[in-house]
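User: Hi! I'm new to looking at protein structures, could you walk me through this one?
Analyst: Happy to, here it is.

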Amino acid sequence: MDRPTNPSCSKTHSRSLLTCRAVCIMVFWGVGLPLATAEVAVNFDVSYLVGCREVSPDESRECDLQQKLVEADFQISTLIRGNADDLVECLIRIESLGECLQVVDYHPRTTLISDVTGKIGVERSRENSFNMGIGFTGKHDQVVDLSGNASTSRGKRDSEKFQYELQPPLELVAASGTTSRGTGVYFKLRPSTRSSLEGGQQFKVVFRVSRSWRADSVGVVCEALGRRQGAGFVSPESLVAVGRAKFRVALHLAGDESAKRAAEKLVFTERRLRATADAQRREITKRSKRSLVRHFSRIFSAVDPKIPDNWLDQMIDNPTRTRQQSYVQHLSQEVLEAASHYEQAISRLSGFRG
């Protein structure tokens with residue numbers, strides 16, 4: 001005998017199923033599937049302040065009377081976490097922010113190495129031979145058994161041997177060149193059996209500046225690519241970003257105390273801006289967690305203005321332009337105040353460009 005159904009229970013059960021389905025759909029829509037990652041992570045670091053020394057021009061680095069050459073040494077550190085074998089390459093870019101610096105020389109240059117010492121010896125031989133043979137046997141049953149054989153052979157053999165040497169195959173471990181019409185320089189580094197990407201490395205750049213130049217700042221961008229988890233070999237599709245950092249580095253002429261103080265002021269204001277930005281990020285994270293349920297219930301409503309993830313990089317690169325963005329009004333007063341002091345320090349330092 002069939003059990004009678006309760007219409008109200010059936011409706012409630014249907015609504016529950018619909019609600020569960022809706023929640024599941026919203027959860028996956030809001031969070032998304034996890035992206036494939038690599039088993040290695042890279043952190044970068046670079047000094048805030050670099051003193052530059054004036055160098056004499058040579059035939060390859062000519063300079064007129066209204067200009068001079070200054071050399072800057074950038075010490076960039078790389079910290080590798082996880083499986084270092086999955087790290088494929090690191091890219092370092094040093095770029096003039098005001099386009100007042102012209103790159104005329106840099107180090108390290110493009111470098112090719114080989115694991116083989118000396119040349120590779122190769123030996124090849126060629127051999128020609130010709131052989132011919134005849135065999136015969138017979139038997140006469142009525143009189144007597146006869147057996148016999150006859151054979152003959154003729155042969156010729158020639159042998160030639162060649163010996164020569166080849167240069168060992170070379171592997172690219174460092175590539176470098178200029179960017180942005182000569183106002184920047186890049187260094188692409190790859191690990192090898194004879195070198196490691198971990199630790200501190202020195203990058204030298206010679207800039208052509210005006211004769212009255214005393215201080216400036218440059219942008220340093222560091223990126224690392226690694227092999228995606230499960231990838232058997234390296235291909236463009238198997239690479240994933242495993243580290244990225246962006247810095248502003250203040251430059252000053254060595255021995256110029258006034259220019260050094262202006263550069264140190266920029267360093268101080270940037271540190272303060274980054275510290276207040278960290279507090280802002282934590283607050284944004286808390287608000288995002290509290291508003292997660294509200295967002296689920298307001299999927300089809302207007303979305304609040306979103307603060308981009310790279311807002312601090314935008315502020316460090318160009319605080320004047322960033323202050324005009326609509327999302328700035330959602331930043332804390334402490335961040336806006338720190339950004340204002342940072343902007344003033346940049347303006348003051350630009351007066352030393354000459």
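Analyst: We'll go through a cavity, some strands, some loops and a helix residue.
Analyst: This is a predicted model, so local features need pLDDT of at least 70 and side-chain atom pairs count only at pLDDT 80 or more, while totals for chains, interfaces and linings use all residues. Residues are numbered from 1 along each chain as its sequence is written, and side-chain values use heavy atoms, with hydrogens and water left out.

User: Which residues line the largest cavity?
Analyst: The lining is I76, T78, C90, I92, L189, L197, G199, Q201 and F203. By class that gives 6 nonpolar, 3 polar and no charged residues. For the classes, Ala, Val, Leu, Ile, Met, Phe, Trp, Tyr, Cys and Pro count as nonpolar, Asp, Glu, Lys and Arg as charged, and the others, Gly among them, as polar.

User: Which element gives the most to that lining?
Analyst: That is β11, with 3 residues. β3 (67-82), β4 (87-96) and β11 (199-210) each supply at least two. Strands (E, at least two residues) and helices (H or I, at least four) are DSSP runs, numbered from the N terminus.

User: Let's look at β4. Why is it described as largely enclosed?
Analyst: Because 7 of its 10 residues are buried, β4 is largely enclosed by the rest of the structure. Buried means under 20% relative accessible area, exposed over 50%, and partly exposed in between (1.4 Å probe, protein chains only).

User: Which sense does β4 pair in with β12, parallel or antiparallel?
Analyst: Antiparallel, over 9 bridges with β12 (residues 215-227); there, I92 has C222 as its bridge partner. β4 also pairs in the antiparallel sense with β10 (residues 184-189), over 6 bridges, and L91 stands opposite K188 in β10. Two strands pair if DSSP finds at least two bridges between them.

User: New topic: what joins H107 and P108?
Analyst: A cis peptide bond, with omega about 10°. P108 sits in the loop between β5 (102-107) and β6 (111-113). Most residues other than glycine have a negative phi, and most peptide bonds are trans.

User: What about phi at S180 and R181?
Analyst: Phi is positive at S180, about 50°, and at R181, about 55°, although neither is a glycine. S180 is partly exposed at 49% relative accessible area, whereas R181 is exposed at 84%.

User: Back to the loop between β5 and β6, where T110 is. How exposed is T110?
Analyst: T110 counts as partly exposed, at 46% relative accessibility. T110 and A174 are 64 residues apart along the chain, and their C-alpha atoms are separated by 5.1 Å.

User: Last one: is E270 buried or exposed?
Analyst: Buried, with a relative accessible area of 2%. E270 belongs to helix α2 (residues 257-290). Leaving aside neighbours within four places in sequence, E270 is in contact (heavy atoms within 4.5 Å) with Y48, R248, I316 and Y342.

Terms used. On a 1 Å grid over the protein atoms alone, a cavity is a set of points where a 1.4 Å probe fits but cannot get out, and a pocket is an open set with protein on both sides within 12 Å along at least five of seven lines; lining residues have an atom within 4 Å of a point.
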